[in-house]
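Q: I would like to learn how features of a structure are read from its coordinates. Could we work through one case together, beginning with charged side chains?

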Amino acid sequence: MAPSRQRLPKETAIVIGGGIAGLLAARELATAGVKVTLVEKRDHLGGSVGAHRVAGLVLDSGAEAFATRTQDVANLLEELGLADKIVSPNSSGSWLYLPEGAAPAPRTGILGIPGDLRDPSVKNILTRKGMRRAKLDRLLPASAGENAKTLGDLVRVRMGQEVLDRLVAPVVSGVHSMHPNQLELATIAPTLKQKIAQLGSLAAASATLRQASPAGAQVSGIEGGMNVLSEALVDDLRRKRVRILTGFDAIAIDRDPITHDWTLIQRQPEAGEKAAAISGKYLVMASDGATAARLLGPHMPAGLAPSVASSPEIALVTLVVDQPALNSNPRGTGLLVSEEVQTVRAKAMTHASAKWAWVRERAGENRHVVRLSYGRGTDSGPLQEVNLYDDQLITLALHDASKLFDVSLTKSHLVGADVVRWSSAVPTASPGHREKTAAFREGLKNLDGVTAVGAWVAGTGLAAVTRDTRETLQTFISQQRGAAERSAAAEKAELADGTPVEAFEEPQN
Ligand SMILES: Cc1cc2nc3c(=O)[nH]c(=O)nc-3n(C[C@H](O)[C@H](O)[C@H](O)COP(=O)(O)OP(=O)(O)OC[C@H]3O[C@@H](n4cnc5c(N)ncnc54)[C@H](O)[C@@H]3O)c2cc1C
């Protein structure tokens with residue numbers, strides 16, 4: 001989708017949040033001629049799509065790939081002149097780590113749901129009893145599971161507990177930091193039930209959705225990392241003269257009762273910093289859900305601001321090691337770890353230098369980049385891994401990586417390490433989430449000139465966020481354009497027959 005052709009010149013807008021959603025929203029508005037100010041509370045832009053330097057290598061500190069089931073991210077990269085930087089991951093695929101050890105993960109479906117039960121890698125993971133139960137999926141009526149609210153419910157009803165525990169849960173909690181029993185089906189896989197109704201089984205539905213991705217991998221990356229996308233968007237915003245303020249933590253929003261302009265109230269600036277007064281006719285909330293509800297709640301009709309569950313804490317530990325035994329990519333591109341495993345605390349491990357050729361080339365011979373993630377969302381209490389100090393987490397990660405690779409990795413192999421912690425970064429999509437976000441967006445219609453974007457309304461992942469942000473902003477711009485035209489027509493009518501403009505304008509807040 002190309003940027004909007006609708007124009008709103010001379011208008012002003014504020015965007016709160018400098019993640020991909022905020023950067024994209026600012027870009028759409030600036031392309032429409034709006035004078036935009038974007039504020040970001042951290043000192044860097046890109047949100048969950050950022051970079052860090054480990055052992056001299058610039059690597060992704062958050063997202064490292066994008067889903068290819070739609071063209072949205074690829075189109076955006078093309079617009080930004082980055083089409084030739086799109087790369088595919090190593091085709092060796094990922095593995096699962098189960099209580100009895102490591103096994104290649106099946107590659108026939110989505111979210112760990114097997115698309116073909118005859119696939120030897122599925123047979124390898126399920127017991128005979130588990131396989132017999134999974135095969136019931138084909139015999140059950142298509143309506144079985146139609147009332148399931150969570151992904152876990154649906155898989156259990158159609159394929160049984162073993163498929164859920166050994167195939168689906170490791171993949172889903174590795175990617176979404178939540179157990180499938182907590183994840184709302186309508187958010188994580190909105191078309192899955194519809195496909196079962198059409199095709200008669202969960203396996204067929206899963207296989208079909210997998211095939212929706214072009215041949216080859218389900219994800220692509222960018223040479224240099226996904227952080228190149230954030231950087232390119234920021235450069236583009238600077239060219240479009242968007243005012244960007246980092247270190248700006250918006251803690252409240254005011255609305256002028258006469259002009260209806262929005263003004264941001266900033267957390268007390270640090271000593272020596274100047275407080276900035278930011279206001280604009282339009283407001284785009286591109287933060288996490290809890291912040292959006294907190295800031296916009298006071299302006300919304302009672303009951304319409306949703307209560308948003310706090311997001312799971314995630315810690316990513318990146319290890320750069322010298323270990324020739326990893327040259328053969330013993331676990332493909334990485335592993336997802338079953339919750340039933342007692343000997344490893346990580347929920348997932350990416351062998352980045354096996355997955356991406358550019359990482360391998362930049363790392364050099366015998367040097368490897370491995371990233372382990374901690375924080376399943378179901379863990380609680382002070383003993384959670386995410387609460388450990390950085391050096392403790394690095395020690396734990398070395399231990400976990402040794403186990404997962406079955407290759408010795410000690411401090412003597414370590415060339416560099418870094419810990420990145422994410423909070424409020426992955427929305428908690430528990431049952432009712434989709435309804436809540438839809439009601440929130442509906443409620444925003446009561447407020448003139450405001451819209452909300454970001455993963456908490458769009459769904460997690462760059463593909464979902466890119467598509468939703470661009471669609472939402474194009475609709476928003478076209479609505480505001482319509483409102484501006486109506487107001488100009490009213491003014492003209494006033495000039496023509498003396499009717500006061502106010503007679504046409506119903507203040508909405
Ligand atoms: C560790 C990790 C790995 C991931 N890996 C992948 C992947 O490989 N592929 C994929 O597709 N997706 C991945 N994702 C998900 C994907 O990165 C996100 O869905 C997407 O980037 C979300 O973008 P966003 O702009 O909605 O939110 P965010 O990136 O969270 O940005 C929101 C921004 O708002 C700012 N903000 C919040 N409150 C305020 C305030 N009051 N004032 C000012 N600013 C504020 C925040 O600081 C933040 O920068 C990953 C996510 C994480 C956390």
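A: Side chains of opposite charge can pair when their charged atoms come close. In this predicted model, arginine 156 and aspartate 153 form a salt bridge, with 3.3 Å from N to O.

Q: Where do arginine 156 and aspartate 153 lie?
A: Both belong to helix H5 (residues 151-159) and stand three residues apart, about one turn of the helix. Arginine 156 counts as partly exposed, at 27% relative accessibility, and aspartate 153 is also partly exposed, at 28%.

Q: Is aspartate 236 buried or exposed?
A: The cut-off needed here is that buried means under 20% relative accessible area. Aspartate 236 has 6% relative accessibility and therefore counts as buried. It forms a salt bridge with lysine 240, and the closest N and O atoms are 3.1 Å apart. Lysine 240, at 31%, is partly exposed.

Q: Which residues are linked in a network of salt bridges?
A: The network comprises Arg27, Glu28, Glu79, Asp236, Arg239, Lys240 and Arg470. The count for the model comes to 20 salt bridges.

Q: How many bridges join strand E11 to strand E12?
A: Five bridges join strand E11 (residues 250-255) to strand E12 (residues 262-266), and the two run antiparallel. Aspartate 254 stands opposite threonine 263 in E12. E11 and E12 form a hairpin with six residues between them. In the turn, histidine 260 has a positive phi of about 70 degrees.

Q: How many residues of helix H9 are buried?
A: Seven of the ten residues of helix H9 (residues 202-211) are buried, so the helix is largely enclosed by the rest of the structure. The buried residues are Leu202, Ala203, Ala205, Ser206, Ala207, Leu209 and Arg210. Their cover includes helix H4 (128-139), H5 and helix H8 (192-199). H5 is the helix that holds arginine 156 and aspartate 153.

Q: What caps the N-terminal end of H9?
A: Serine 201 does: one of its side-chain oxygens lies 3.0 Å from the backbone nitrogen of alanine 204.

Q: What does the side chain of serine 353 reach?
A: It reaches the backbone nitrogen of valine 369, at 2.9 Å. Serine 353 is placed in helix H12 (residues 352-355) and is buried, with a relative accessible area of 1%. Leaving aside neighbours within four places in sequence, the contacts of serine 353 are Val359, Arg360, Arg367, His368 and Val369.

Q: Turning to the whole chain, how many helices and strands are there?
A: The protein has 17 helices and 20 strands. Its radius of gyration is 24 Å, close to the 23 Å that the globule rule gives for 509 residues, so the protein is as compact as a globular protein of that length. The C-alpha trace spans about 85 × 60 × 45 Å along its principal axes. Of the 509 residues, 52% count as buried. Among contacts between residues at least 6 apart in sequence, 71% join residues at least 24 apart.

Q: Which domains does the domain assignment give?
A: The assignment gives domain 1 (12-47 + 226-300 + 429-497), domain 2 (105-211) and domain 3 (312-422). The centres of domain 1 and domain 3, taken over C-alpha atoms, are separated by 36 Å.

Key
Residues numbered from 1 in each chain as written. Predicted model: local features only at pLDDT ≥ 70, side-chain atom pairs only at ≥ 80, totals over all residues. Heavy atoms only, no water. Salt bridge = Lys/Arg side-chain N within 4 Å of Asp/Glu carboxyl O. Helix = DSSP H or I, 4+ residues; strand = E, 2+ residues; numbered from the N terminus. Buried < 20%, exposed > 50% of the residue type's maximum accessible area, 1.4 Å probe, protein only. Domains from an automatic or database assignment. Pairing = 2+ DSSP bridges. Contact = heavy atoms within 4.5 Å. Polar contact = N/O pair within 3.5 Å; in protein donor to acceptor, adjacent residues only side chain to side chain. Rg over C-alpha atoms; globule rule 2.2 N^0.38 Å.
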